[in-house]
Amino acid sequence: MGRSFSISVVLFLNLLIQIHGRDYLYHKQARGFAKSGCDLFQGSWVYDESYPLYETSQCPFIEKQFDCQNNGRPDRFYLKYRWQPTGCNLPSFSGEDFLRRLTGKSIMFVGDSLSLNQWQSLTCMLHTAVPHAPYTSVRTGDLSIFTFPSYDVKVMFSRNAFLVDIVGESIGRVLKLDSIEAGKMWKGIDVLLFDSWHWWLHTGRKQPWDFIQEGNHIIRDMDRLVAYEKGLSTWAKWVDDNINPNRTRVFFQGVSPDHLNGEQWGDPGANFCEGQTRPALGFRYPGGPHPAELVLEKVLRAMQNPVYLLDITTLSQLRKDGHPSVYGHGGHRDMDCSHWCLAGVPDTWNELLYASLIQN
């Protein structure tokens, strides 16, 4: 009986792995929902009149580029959608509970302006939950610290688009794929949430480096997806070598998608994301998986330390309506289909972050 049961379990698990294509066991462990038996990242967007979770007028520290309503966006439908997992419900976000759980601790977002997007969302969600609690917000260089003194909680953002180093040398600015000096700042933080992708694609004047270095080899350029994987692998090794998982929880934001090509959501005549007022319907994005997401998952699978993937890619791909478009900081001179309006999609990322923290 015991032997036949064990064989049946093995066969069942093998079948699951084959059905899902990607590494099923990895996802159950890395996402951290094995106990609940529910994948919070599979689902659809449903209209909910009780949303949004806040108004930006309640949070004077929200940056102008994310404040779409105040920048003149005329529609509000995009504010009214809630993420509904297929097999269960997201726990209701409680900012006060979040702060109590983190009393005496610190959480740091490390990454590019998509990390800034999520950090600003979380600070507003927490502030509006405890509006009478004092707070301070201080920025020094690339580090921003939002503190709730009465809870002794620090919510931090460290701007670091590549995670690996860019160093000024005699030949110019060098992107070093195997060097992480900035990691010194990450030590001692209780919750770390990383993000990196968008800046790996920049070329021309927006490209912040002149050369790429790996080991002793210096080159002008390489396939950006390959460079991304090499940089992520350096970050992964740093986490494995320097982070005690009993002391620090590590998350990766996942790959936040942009919406520049209407063919990917079945509207080839779309002018980027301008004028989009509703999410894409259904559970799957017509454009398919994001290439960088597949690279990220490959790197996470090879790690020794547990890193919890906030797998926000597909649910965000469905939100072609959630970007500032012409209602960001640049108006009609600057179409923004990469960042997200606040309130908006990053609030859901933080609801998922909260769910993972309370379930693990």
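**Exercise 1. Which residues do ring pairs link into a cluster with Trp186?**

Solution. Step 1: take the rule for a ring pair. Rings of Phe, Tyr and Trp (its six-membered ring) pair if their centres lie within 6.5 Å; planes under 30 degrees apart count as stacked, over 60 as edge-to-face and the rest as tilted. Step 2: follow the pairs. They link Trp186, Phe194, Trp235, Trp238 and Phe252 into a cluster. Step 3: note the total for this rule, which is 20 aromatic pairs.

The structure is a predicted model, in which local features need pLDDT of at least 70 and side-chain atom pairs count only at pLDDT 80 or more, while totals for chains, interfaces and linings use all residues. Residues are numbered from 1 along each chain as its sequence is written, and side-chain values use heavy atoms, with hydrogens and water left out.

**Exercise 2. Classify the aromatic pair of Trp197 and Tyr228, and state which parts of the chain the pair ties together.**

Solution. Step 1: a pair of aromatic rings is described by the distance of the centres and the angle of the planes. Step 2: for Trp197 and Tyr228 the values are 4.8 Å centre to centre and 70° between the planes, and the pair is edge-to-face. Step 3: Trp197 is in the loop between strand S9 (191–194) and strand S10 (211–214), and Tyr228 is in helix H5 (residues 224–242), so the pair ties together parts 31 residues apart in sequence. Helices (H or I, at least four residues) and strands (E, at least two) are DSSP runs, numbered from the N terminus.

Step 4: both Trp197 and Tyr228 are buried (buried means under 20% relative accessible area, exposed over 50%, partly exposed in between, with a 1.4 Å probe and protein chains only). Tyr228 has a relative accessible area of 0% and is therefore buried.

**Exercise 3. Classify the pair of Trp200 and Tyr228.**

Solution. Step 1: the ring centres of Trp200 and Tyr228 are 5.8 Å apart and the planes are at 70°, so this pair is edge-to-face. Step 2: Trp200 lies in the loop between S9 and S10 while Tyr228 lies in helix H5, so parts 28 residues apart in sequence are tied together. Step 3: Trp200 counts as buried because its relative accessibility is 2%.

**Exercise 4. Over which rings do the charged ends of Arg73 and Arg278 sit?**

Solution. Step 1: apply the rule that a charge sits over a ring if NZ of Lys or CZ of Arg is within 6 Å of the ring centre and within 35 degrees of the ring normal. Step 2: the charged end of Arg73 is over the ring of Tyr78, 3.7 Å from the centre of that ring. Step 3: for Arg278 the ring is that of Phe77, at 3.6 Å from its centre.

**Exercise 5. Describe the largest cavity and its lining.**

Solution. Step 1: on a 1 Å grid over the protein atoms alone, a cavity is a set of points where a 1.4 Å probe fits but cannot get out, and a pocket is an open set with protein on both sides within 12 Å along at least five of seven lines; lining residues have an atom within 4 Å of a point. Grid points are joined across faces, edges and corners, and a volume is the space filled by probe spheres set on the points. Step 2: there is one cavity of 30 Å³ or more, and the largest cavity holds about 80 Å³ of space. Step 3: it has 14 lining residues, and Tyr51, Leu79, Tyr81, Gly344 and Asp347 are the closest to its centre. Step 4: H8 gives the most to this lining, with four residues.

**Exercise 6. Where does Ser338 lie, and which residues does it contact?**

Solution. Step 1: Ser338 is in the loop between helix H7 (313–317) and H8. Step 2: contact means heavy atoms within 4.5 Å. Leaving aside neighbours within four places in sequence, Ser338 is in contact with Leu114, His198, Ser256, Pro257, Asp258 and His323. Step 3: Ser338 and Leu114 are 224 residues apart along the chain, with their C-alpha atoms separated by 8.3 Å. Step 4: Ser338 is also among the residues nearest the centre of the second largest pocket, together with His202, Lys206, Asp336 and His339. This pocket holds about 570 Å³ of space and is lined by 20 residues.
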